[in-house]
Amino acid sequence: MSAPESTEVVVIGGGPAGLTAAIELAQLGVDVTVFERRATTSHLPRAHLLNQRTMEIFDAIGVADDVYEMSPPEDRWHRVGWYTSLAGDRPGQGREIGHIHAWGGGPDTDRYAAASPNRYANVPQMRLDPLLRRHAERQCPGRIHYGHEVTDVRTTTDGVEVAVIETETGATRTVQARYAIGADGGRLVSSLLGVEMQGPTQLLDMVSMHVTADLTPWIRDDQVLLYYFIDPLGNGGFRGSMCAMGPDTWGSQSREWAFHQAFPWGSKEAMDETTLKDRFRDIIGIPDLEFDVHAISHWEFEGVTADRYRVGNVFLVGNAAHRHPPTGGLGLNTAVQDVDNLCWKLAQVLREKAGADLLNTYESERRPVGLFNVRHSLENAGGHRKIAAALGMTPEISVEDGWKEIDTWLAPGPAGDKRRRLVAAAVADNGDDYSQLNVEAGFAYDSGAVIPDGTEPPHTHTSLRDYTPTTRPGHHLPHAWVHGRGPRVSTLGLVHRADYTLLVDPAHAQTWRTAAEKIGVPVDVVAIGSADPASDHSWGRLRDVDPGGAILVRPDRHIAWRTTTMPADPAAELAVALQSLLSRNEVHA
């Protein structure tokens with residue numbers, strides 16, 4: 001089907017961010033069109049970790065069940081391990097250096113379950129993208145166009161003009177839109193608009209090989225998903241990493257693997273397939289391993305953030321706005337969460353429920369999150385060097401001396417005991433990467449479409465691991481199992497997808513419903529009671545307001561405003577809050 005001449009929102013890029021935007025906008029009643037220059041979705045493994053906040057978004061748009069169906073069994077992937085190799089002739093080869101539980105598994109299971117009704121998932125992007133495309137095509141029939149390359153983006157006085165070429169036929173057209181979302185991975189849109197990416201670049205040339213290999217004889221821990229290899233040739237860091245890819249069996253039975261190697265930027269070795277294959281065999285210590293290579297890809301190890309997330313009526317999301325090292329698994333997740341922040345605001349403005357200034361809050365809310373996540377990912381990348389240093393590895397060490405240091409780590413006696421304690425501590429320190437619940441679930445907006453109430457953030461605000469749920473404005477709505485409309489449901493499941501939701505106590509629900517009716521703005525008033533009042537995670541303990549108070553929640557499940565007690569004039573208080581939040585002047589009680 002041919003592309004339209006006009007649309008309300010044009011999305012440039014058909015990866016996870018662009019496809020999620022298409023699904024969300026279509027469900028909100030917005031006319032949306034996607035252009036992707038590739039003929040089909042990505043065939044590369046790329047990102048694979050989907051954290052709880054992302055899975056909440058996928059749940060809200062009806063994608064989560066399909067994602068979970070493709071994710072590994074829970075006992076086959078919640079562990080990260082560091083190894084000298086998988087095999088080899090030296091005494092120090094084929095040794096596990098250490099492992100930690102990761103992504104809400106093992107001892108983290110309960111605290112992750114308390115933070116969200118949705119668990120972590122693990123689906124490589126080469127399988128996630130086709131899934132999202134199927135959902136997007138159902139939601140936007142005839143509006144998802146692969147093989148269509150955007151060549152120019154121009155802002156106009158009342159919208160955006162996008163020049164598109166159909167790659168198969170060479171046919172060109174100009175599409176008019178009210179708004180555009182740049183989700184092209186930073187390939188074109190940001191540079192066309194003069195946006196600068198700030199931060200370190202060209203740190204390494206990372207090379208990924210997607211292979212089929214039978215590693216059953218050498219894999220001894222069926223719970224490890226991600227393997228890092230540290231040996232004397234690693235220049236004081238990890239030498240390579242490997243991730244199980246399933247797709248139908250996992251652990252030692254995984255048929256496919258993604259293997260990653262790091263090279264100095266500009267290295268000619270990184271371009272030679274024979275070298276890459278030989279290094280793969282050498283790193284894992286299996287010189288005669290037979291394997292099939294499906295794809296080899298290069299990506300830049302960098303940590304950059306756009307100096308602007310908005311230019312006119314064009315908004316940048318995902319890799320167009322921020323590019324992370326893979327440590328922490330924050331790239332794709334931050335992208336999907338960018339989209340979730342933006343789409344409801346676009347819908348509110350397009351349907352004239354909110355003033356255009358609401359869209360300015362996208363950058364003020366999401367750019368600080370992008371900056372933090374990029375910085376945190378760069379810091380996480382140093383965790384492997386700590387383990388190597390504890391083993392005695394340095395950038396200058398010779399191969400033979402390096403293996404002697406590993407022999408010391410293995411040796412009985414006081415010297416070996418001391419070395420093992422140092423290594424174990426360095427491995428455990430990587431929990432800031434793999435047990436970073438507060439990074440994933442605790443981010444909050446200090447300014448934007450929120451009305452601060454003067455309270456301080458939780459005492460764990462600066463922690464990377466310890467998440468404390470709160471209804472403080474700007475924070476994500478706490479998850480609790482409650483009785484609302486019908487059977488037990490998460491508080492997150494009660495949030496309206498298009499309009500604001502006011503959460504109140506059943507005893508005061510009618511007062512708040514009457515107040516909401518007076519102001520003439522769609523507000524969904526929901527009365528909820530705790531499903532388990534005795535639990536530490538009950539709504540009564542988490543709501544932070546008196547029974548007469550109220551909590552106003554945005555469609556993206558972040559708290560916009562709250563009153564801890566019943567105001568003297570509830571309608572007037574609510575009207576003032578909504579007038580500010582919606583960037584409108586006519587809201588009144």
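Guide: Two strands count as a pair when DSSP finds at least two bridges between them. Keep that rule in hand as we look at this predicted model.

Visitor: Thanks! In which sense do β23 and β24 pair, and over how many bridges?

Guide: β23 and β24 run in the parallel sense, with five bridges between them.

Visitor: How many of the residues in strand β24 are buried?

Guide: Strand β24 spans residues 523-527, and five of its five residues are buried, which leaves the strand mostly covered.

Visitor: Which strands pair with β13?

Guide: Strand β4 (residues 79-83) is one partner, joined to β13 in the parallel sense over five bridges. Strand β14 (residues 240-246) is another, and here the pairing is antiparallel, over four bridges. For landmarks, R79 has V224 of β13 as its bridge partner, and F229 has G240 of β14.

Visitor: Why can β13 be called largely enclosed?

Guide: The idea is to count its buried residues. In strand β13 (residues 224-229), six of the six are buried, so the rest of the structure largely encloses the strand.

Visitor: Now for charges. What lets two charged side chains pair?

Guide: Side chains of opposite charge can pair when their charged atoms come close. The count for this model comes to 35 salt bridges.

Visitor: Could you walk me through one? What is the N to O distance between R111 and D108?

Guide: The side chains of R111 and D108 form a salt bridge with an N to O distance of 2.9 Å.

Visitor: Which parts of the chain does the pair of E365 and K345 tie together?

Guide: Begin with the contact itself: E365 and K345 meet in a salt bridge of 2.7 Å, N to O. E365 belongs to helix α9 (residues 361-380) and K345 to helix α8 (residues 331-350), so the bridge ties together parts 20 residues apart in sequence. Both E365 and K345 are buried. They also belong to a network of salt bridges that links K345, E365, R554 and D556.

Visitor: And how far apart in sequence are the parts that D499 and K353 tie together?

Guide: D499 and K353 form a salt bridge, with their closest N and O atoms 2.8 Å apart. D499 is in the loop between β22 (488-490) and β23 (500-504), and K353 is in the loop between α8 and α9, so the pair joins parts that are 146 residues apart in sequence. D499 is buried at 11% relative accessible area, whereas K353 is partly exposed at 27%.

Visitor: Which residues gather in the patch of negative charge on the surface?

Guide: Look for D59, D65, D66 and E69, which gather in that patch. Helix α3 (residues 64-70) supplies the largest share, three residues. D65 is found in this helix, and its 62% relative accessibility makes it exposed, because exposed means over 50%.

Visitor: One last stop: where is G285, and is it buried or exposed?

Guide: G285 sits in the loop between α7 (273-284) and β16 (291-301). Its relative accessible area is 14%, so G285 is buried.

Methods:
Residues are numbered from 1 along each chain as its sequence is written. This is a predicted model: local features need pLDDT of at least 70, side-chain atom pairs count only at pLDDT 80 or more; totals for chains, interfaces and linings use all residues. Side-chain values use heavy atoms; hydrogens and water are left out. Patches are made of residues with over 30% relative accessible area and no salt bridge: like charges are joined within 9 Å, nonpolar side chains (Val, Leu, Ile, Met, Phe, Trp, Tyr) within 5 Å. Accessible areas come from the Shrake-Rupley method with a 1.4 Å probe; for residues, only the protein chains shown count as cover. A salt bridge is a side-chain nitrogen of Lys or Arg within 4 Å of a carboxyl oxygen of Asp or Glu. Lys and Arg count as positive and Asp and Glu as negative; His and the chain ends are not counted. The place of a charge is taken as NZ of Lys, CZ of Arg, CG of Asp or CD of Glu. Helices (H or I, at least four residues) and strands (E, at least two) are DSSP runs, numbered from the N terminus. Buried means under 20% relative accessible area, exposed over 50%, partly exposed in between (1.4 Å probe, protein chains only).
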